[in-house]
Amino acid sequence: MKYVLPGGTGQVGGHLRRALVASGHDVVVLSRHPETLEPGVRHVVWDGRTLGPWAGEVDGADVVVNLAGRTVSCRYTDRNLRQMMDSRVGSTRVVGEAIARAADPPAVWLQMSTATIYADARSRPGEPAHDEATGVIGGEEHDVPLYWEYSVRIARRWEETQAAASTPRTRRVALRAAMVMTPDRGGVFDYLLGFARLGLGGPVAGGRQWVSWLHGDDLVRAVEFLVAHEEIEGPVNLAAPGPVRQRDLMRTLRRAWGRRVGLPATRFMAEVGAFALRTDTELLLKSRRVVPGRLLDAGFTFTHPTWEGAAADLVADVRRRRSAGASRPE
Ligand SMILES: NC(=O)c1ccc[n+]([C@@H]2O[C@H](COP(=O)([O-])OP(=O)(O)OC[C@H]3O[C@@H](n4cnc5c(N)ncnc54)[C@H](OP(=O)(O)O)[C@@H]3O)[C@@H](O)[C@H]2O)c1
């Protein structure tokens, strides 16, 4: 099949495009910068905002998976928040326009969204998990920083933009993805493992906040599953069925690496740490308890349903890569 991946140069895109190529698919990445990617991946330039020759790649493609958006791993300044919103809404709108104009539109358009769309888990008594049917969209919680509401607003506008596109011949799915864990450098798992290795990966602000996560290989399998399942439309949670509390997430990761001790961090320390990393505390402190209701109902099985298994697999992969790198001649 021909897959077009707008924003396919990032962490998720890298993992997805390599897997798709390995499965024999024809993969085209849309990016703002000309770049050489792996053999088998074609690279086409777009600006993420306006129609151009790139739209010809969408015409006749089988699948579009739009991953474009300014990274959320940054300080939430007004400027960055605006760019986070504009890059997601703008790229989604223009992908929709390209599909609407195509003579031979793709059968399915998978659009990245985020599990952050749901309310902080602590806002509901008993902290029930959010699935697509019973989950509560965020933005109205008490006792959470006001600007967290903006992240929810971005997610809502992102999904609304896809839903508003005029693409009657193309099935649309919004991927409410949790943190995608891959062994690649610079990804979220790389950061978490870095903390664990330094003995810094203890509970943050008590560590009771839920973390929803997904092994990168299950993301790839979920994408292929959603492409194949023509009856599935609308929002779909992409999260492993076993979300964990932050302190357990880090404890398991330390064990998987063979490190016993993890220093606890107060909320204040999390703020300092987040500042040093040039990221925002929402990523560390918001409680996200999201489960894959629709995927499980449709019969999807996870290769890595538990964090214990996923962490062990990812650590082994990182170790393998490092020793292969170390033994490679200069
Ligand atoms: N990683 C996760 O755990 C996770 C979880 C939930 C949702 N998501 C969402 O999934 C998408 C992909 O995630 P990721 O981690 O792969 O992100 P990423 O590494 O930041 O990559 C996103 C890509 O978007 C493109 N981009 C950045 N700014 C842009 C702009 N202003 N206009 C158009 N394109 C722009 C970039 O491609 P070029 O520079 O090549 O143009 C970049 O490679 C993001 O939208 C993210 O919010 C990610």
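**Ground rules.** I number residues from 1 along each chain as its sequence is written. Because the model is predicted, I take local features only at pLDDT of at least 70 and side-chain atom pairs only at pLDDT 80 or more, while totals for chains, interfaces and linings use all residues.

**Sheet.** I looked up the strand order (strands being DSSP E runs of at least two residues, helices H or I runs of at least four, numbered from the N terminus) and found an open sheet of seven strands, S3-S2-S1-S4-S5-S6-S10, with parallel pairing, where a pair needs at least two DSSP bridges. Strand S3 (41-45) and strand S10 (234-238) are the edges, each pairing on one side only. I then checked strand S4 (residues 63-66), which runs parallel to S5 and is joined to S5 by four bridges, with Val63 opposite Val108 in S5.

**Helix pair.** I compared H3 with helix H4 (residues 148-164): their axes, lines fitted to C-alpha atoms over the stretch in contact, come within 9 Å and cross at roughly 10°, with angles run from 0 to 180 degrees between N-to-C directions. That makes H3 roughly parallel to H4, the term for angles under 35 degrees. Among the contacting residues (C-beta atoms, placed from the backbone, within 7 Å) I noted Leu81, Met84 and Arg88 in H3 and Tyr150, Ile154 and Trp158 in H4.

**Ligand.** I listed 25 residues around the ligand, the closest being Gly10, Ser31, Gly48, Gly69 and Ser87; a residue is near if its C-beta atom, placed from the backbone, lies within 6 Å. Helix H1 (11-22), helix H3 (78-101), strand S5 (108-114) and strand S7 (179-181) each give two or more residues to this shell.

Key:
Angles under 35 degrees count as roughly parallel, over 145 as roughly antiparallel, 65 to 115 as roughly perpendicular and the rest as oblique. Two residues are in contact if their C-beta atoms, placed from the backbone, lie within 7 Å.
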